[in-house]
Amino acid sequence: MDLDALKSILGPGGYIDDPADMAPHLTEWRDRWQGITPLIARPQSTTEVSEVLSYCHSKGIGVVPQGGHTGLAGGAMPDSSGSQIVLSLGRMNTVRAVDANANTMTAEAGCILTDVHAAADQAGRLFPLSLASEGTAQIGGLLSTNAGGNTVLRYGNARDLVLGLEVVLPDGQIWNGLRSLRKDNTGFDLKHLFMGAEGTLGVITAATLKLFPKTVQSATALLGIPSPAAAIDLLSLARTAAGDTLTSLEIMPRIGMEFVIRHMPGCRDPLVYPHDWYALIDLSSAATDPDLKDLLESIFVRAERDQIAADGVVAQSEAQRAGLWRLREALSEAQRFEGGSIKHDISVPISSIPEFLDRAGAAVEALIPGIRPVPFGHIGDGNIHFNLSQPEGADKQAFLDRWEEINRVVHDIVADMDGSISAEHGVGQLKVQEIERYKSPTEVELMRRIKQAIDPQGIMNPGKVLRRNP
Ligand SMILES: Cc1cc2nc3c(=O)[nH]c(=O)nc-3n(C[C@H](O)[C@H](O)[C@H](O)COP(=O)(O)OP(=O)(O)OC[C@H]3O[C@@H](n4cnc5c(N)ncnc54)[C@H](O)[C@@H]3O)c2cc1C
């Protein structure tokens, strides 16, 4: 590979080729993936991205786009051949425009989500996408994985928050689709091809995002509930009572609460007695009326009356609110202290969640007696992180060696219930084989044809989402 041509496009400061400096780009948060590359390109403009892709296209060089590298599915990692370059968007981090009246913002792909939040806030607006990786994840990565997070129930996934995109195609052509129109019925909506494509069809360089009125009040409660079925009744009750102000509804089991209390500093059991399950409800509003704390308390009272909830606490201060959210958000980290865990990031129709938990729980227990399911997540979106901790005292590696076998059993149940085997985080390299197993042949073939039409040389993120040589 002639790196000098690429270096001259990018200029000094526009690339990294020192192994020590490249290392953070070539390892991932969970250390699961490692890659090799001769060069990390760090373009600072759409034109530079275009020139890099045009050159790589002419030479057949694979290009792996990289944002904040928080994807956890190996999507932003080159393979081990050393024949692919990484294209890191971090230097393209300008908010190009904010139009508060039109409720839009145009931000470059390398903008970190918290910086986008801050820019919206400065304009008196809200950009509602919110997730635990928001201090690192970038707009380009978030859109390329169609990220979800804590507010999907109310505002939708990342793709629902986009009006227009600017994309550099594999041959270097720039598609300026940065429209801010809310109505545009002129044929195929091309932007949706690139969102969720995980960098396999082109490089997102900028996006026009939807803004919303700023939140002026919010209220949070944690309720002790008897079962996931009760959580679904609670969802229905809260939706009816709170309407659009219902922003999040999360669940976690008692074992998850115990892990957090045991391992995470400052976390305490918020209720006097233990409960089998917990539901975290968040309301938020851009209006001062009605008072959301009162509304949430009335939901809680009704939930107790209908035996949906046995006990609960409504946060009385911002600090208490943050404390309740921390119990839920610290769970992934707390689980690490309990040894190995095998993860599934699935969704099923909301009303099927209790049946899924029963079936999948029984199936994994049959395979590994003593396995400890810790299913938690965004019940309002039907998205459950079906995470399984190893049996107490078991050998960690022997447990993790059964990852694929367990995945297969759980994913077969998900498929049987018309669910998705990847509700967040995408496919990356992690679930390429699974896609072929669980999507219909027609759907996989359609995806291949689209890939072939847009990237006939196959240079964009080779081997991610779809197999390279099927
Ligand atoms: C602690 C933690 C919590 C998380 N919580 C959630 C959650 O609640 N919901 C959720 O959905 N996800 C979650 N994630 C996953 C992750 O944050 C999201 O997938 C995020 O969207 C990835 O953004 P990124 O910038 O880090 O992308 P990266 O990891 O760098 O890349 C992800 C994929 O997008 C491609 N890509 C990156 N930038 C571009 C671009 N500009 N153009 C084209 N392709 C590109 C990459 O090639 C790769 O395939 C979490 C991750 C962590 C570590």
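Author: Gladly; we will look at helix pairs, then the ligand, then a few backbone features. Please keep in mind that this is a predicted model.

Reader: Let me begin with helices. At what angle do the axes of α1 and α3 cross?

Author: The general idea is to compare the directions of the two axes, and an angle over 145 degrees counts as roughly antiparallel. Here, helix α1 (residues 3-10) and helix α3 (residues 46-59) have axes that come within 9 Å and cross at roughly 165 degrees. The two helices are therefore roughly antiparallel to each other. Their crossing is right-handed.

Reader: Which residues of α1 and α3 make the contact?

Author: From α1 the contact takes Ala5, Leu6, Ile9 and Leu10, and from α3 it takes Glu48, Glu51, Val52, Tyr55 and Cys56. Sorted by class, the contact of α1 with α3 has seven nonpolar residues, no polar ones and two charged ones.

Reader: Now for α13. How do the axes of α8 and α13 cross?

Author: The axes of helix α8 (residues 228-242) and α13 come within 8 Å, with a crossing of roughly 165 degrees. That angle makes α8 roughly antiparallel to α13. Again the crossing has a hand: for α8 and α13 it is right-handed. Pro228, Ala229 and Ile232 of α8 meet Ile353, Pro354 and Leu357 of α13. This contact of α8 with α13 divides into six nonpolar, no polar and no charged residues.

Reader: And where α13 meets α15, what is the crossing angle?

Author: Helix α13 (residues 353-367) and helix α15 (residues 403-416) have axes that cross at roughly 155 degrees and come within 10 Å. So α13 and α15 are roughly antiparallel to each other, and their crossing is right-handed. On the α13 side, the contact is made by Phe356, Arg359, Ala360, Ala363, Val364 and Leu367. On the α15 side, Glu405, Ile406, Val409, Val410, Ile413, Val414 and Asp416 take part. By class, the contact of α13 with α15 holds ten nonpolar residues, no polar ones and three charged ones.

Reader: How far is an oxygen atom of the ligand from a polar backbone atom of Pro65?

Author: That distance is 2.6 Å. For Gly67, a polar backbone atom is 2.8 Å from an oxygen atom of the ligand.

Reader: Finally, the backbone. What should I look out for?

Author: The general idea is that most residues other than glycine have a negative phi, and most peptide bonds are trans. With that in mind, look at the bond between Asp289 and Pro290: this peptide bond is cis, with omega about 0 degrees. Pro290 sits in the loop between β14 (277-285) and α10 (292-305).

Reader: Where is Asn103 placed, and what is its phi?

Author: Asn103 is in the loop between β5 (95-99) and β6 (104-108). Its phi is positive, near 55 degrees, in a residue other than glycine. Asp418 also has a positive phi, near 60 degrees. You will find Asp418 in the loop between α15 and α16 (432-438).

How values were computed
Residues are numbered from 1 along each chain as its sequence is written. This is a predicted model: local features need pLDDT of at least 70, side-chain atom pairs count only at pLDDT 80 or more; totals for chains, interfaces and linings use all residues. Side-chain values use heavy atoms; hydrogens and water are left out. Axes are lines fitted to C-alpha atoms, for helices over the stretch in contact, and angles run from 0 to 180 degrees between N-to-C directions. Helices (H or I, at least four residues) and strands (E, at least two) are DSSP runs, numbered from the N terminus. Angles under 35 degrees count as roughly parallel, over 145 as roughly antiparallel, 65 to 115 as roughly perpendicular and the rest as oblique. A crossing is left-handed if the near helix is turned anticlockwise from the far one by less than a right angle, and right-handed if clockwise. Contact means heavy atoms within 4.5 Å. Ala, Val, Leu, Ile, Met, Phe, Trp, Tyr, Cys and Pro count as nonpolar, Asp, Glu, Lys and Arg as charged, and the others, Gly among them, as polar. A polar contact is a pair of N or O atoms within 3.5 Å; within protein, one must be able to donate a hydrogen and the other to accept it, and residues adjacent in sequence count only if both atoms are side-chain atoms.
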